[in-house]
Amino acid sequence: ITLAYVQKEAIKVLYNLSFLDENIITISREYGICVIIGVMKYHTDHANVQKEACRIICKLTFKNDENIAITLKEGGLEVMRRTKKKYIDYTCTYEKARRAILILTKQSLQREDSSKP
């Protein structure tokens, strides 16, 4: 078992926990966003880590200005742009990064249901 695998699975657990609003607050207060961005910076060559990290960043930042600010402060926008560019041939990872960029820059989630992260 690799470190990347363990961290990907941990991010998936955080994503599942984030379906409760109080857990979104806890994750962000306990530096979860900082850790997730750090994992993305460390595991740049792991598409599945990037995909899962983008997915939870979307969940944590959707309609949440405080978490958007934390993510931007940690360099999240640059990380998402790098991921989107690097994984252009990996549709799922590319789309998760694209969606995160739209949320972080408060652009319209074009042709998507705006009620879901």
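This is a predicted model: local features need pLDDT of at least 70, side-chain atom pairs count only at pLDDT 80 or more; totals for chains, interfaces and linings use all residues.

User: Which residues of helix H3 are buried, and what puts them on the same side?

Analyst: In H3, which runs over residues 32-42, the buried ones are Gly32, Ile33, Ile36, Ile37, Val39 and Met40. They cover an arc of only 155° around the axis, so they lie on the same side of H3. The opposite face, turned away from that buried side, carries the exposed residues Val35 and Tyr42.

User: Why is Val6 called partly exposed?

Analyst: Its relative accessible area is 45%. Buried would need under 20% and exposed over 50%, so Val6 falls in between and is partly exposed. Val6 is found in helix H1 (residues 3-17). Together with Ile1 and Tyr5, Val6 forms a nonpolar patch on the surface, with about 370 Å² of accessible area together.

User: How many helices and strands does the protein have, and what makes it as compact as a globular protein of that length?

Analyst: There are seven helices and zero strands. The radius of gyration is 13 Å, close to the 13 Å that the globule rule gives for 117 residues, so the protein is as compact as a globular protein of that length. Its C-alpha trace spans about 35 × 30 × 25 Å along the principal axes, and buried residues make up 42% of the 117 residues.

How values were computed: Residues are numbered from 1 along each chain as its sequence is written. Side-chain values use heavy atoms; hydrogens and water are left out. Patches are made of residues with over 30% relative accessible area and no salt bridge: like charges are joined within 9 Å, nonpolar side chains (Val, Leu, Ile, Met, Phe, Trp, Tyr) within 5 Å. Accessible areas come from the Shrake-Rupley method with a 1.4 Å probe; for residues, only the protein chains shown count as cover. A salt bridge is a side-chain nitrogen of Lys or Arg within 4 Å of a carboxyl oxygen of Asp or Glu. Helices (H or I, at least four residues) and strands (E, at least two) are DSSP runs, numbered from the N terminus. Buried means under 20% relative accessible area, exposed over 50%, partly exposed in between (1.4 Å probe, protein chains only). The arc is that of the directions from the helix axis to the C-beta atoms. The radius of gyration is taken over C-alpha atoms; the globule rule is 2.2 Å times the number of residues to the power 0.38.
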